[in-house]
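This report describes the strand arrangement and the nonpolar cores of one protein model.

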Amino acid sequence: MSSDIFVCRFENGETTPLDMRAAHEVLDPFAVARDPRTNFLQVRTAESEEAGVFVSSPDNITFNRFGGGGIMDLLAVLLRRLDAVLVVPGGPTMIQRDEDRGHLPAALRDEGLVVVARTGAEIDRAIRAS
């Protein structure tokens, strides 16, 4: 898949900072290339699946050029570790628990599709269905 997707965290409808130390603990073991000037990581799973990851702001991690079950599993781990949601522009917003819906901004909660997706397979199905 070539579009961007965003890992974000919300509380009471507002973005909140992600725990970037925890994000790097999850992502760094998979990093095969990095550019500190742009906060870019190229990650590769054991299945040789790759994604570009931009960790460029305290409240957003962007994945692009991603695909495959291993990357989706990595995303699921990252979302759990950061207590975050996955925002797919033009597609669903994926939350970990149904009660997380109340923390989303009104535009995502009321106007978009919100799906509970806890595993890589569930994330993949939700993206493909959009």
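**Sheet**

In the predicted model, Phe6 has Thr62 of β7 as its bridge partner. Strands β1 and β7 run antiparallel and are joined by 3 bridges; two strands pair if DSSP finds at least two bridges between them. Helices (H or I, at least four residues) and strands (E, at least two) are DSSP runs, numbered from the N terminus.

The open sheet has 8 strands with mixed pairing, in the order β4-β5-β6-β7-β1-β8-β9-β10. Its edge strands, β4 (31-35) and β10 (114-116), each pair on one side only. On average, neighbouring strands are turned by 25° against each other, direction ignored. Helix α1 packs on the sheet and touches β4, β5, β6 and β7; the direction of α1 makes about 165° with that of β6. Contact means heavy atoms within 4.5 Å. Axes are lines fitted to C-alpha atoms, for helices over the stretch in contact, and angles run from 0 to 180 degrees between N-to-C directions.

**Nonpolar cores**

A nonpolar core is a set of buried (under 20% relative accessible area, 1.4 Å probe, protein chains only) Ala, Val, Leu, Ile, Met, Phe, Trp, Tyr and Cys residues joined through side-chain atoms within 4.5 Å. The largest such core has 32 residues, and Val7, Ile61 and Phe63 are among those with the most contacts inside it. Helix α2 gives the most to this core, with 8 residues. Another core, of 7 residues, lies apart from it and includes Cys8 and Leu104.

**Basis of the values**

Residues are numbered from 1 along each chain as its sequence is written, and side-chain values use heavy atoms, leaving out hydrogens and water. In this predicted model, local features need pLDDT of at least 70 and side-chain atom pairs count only at pLDDT 80 or more, while totals for chains, interfaces and linings use all residues.

Methods:
Buried means under 20% relative accessible area, exposed over 50%, partly exposed in between (1.4 Å probe, protein chains only).
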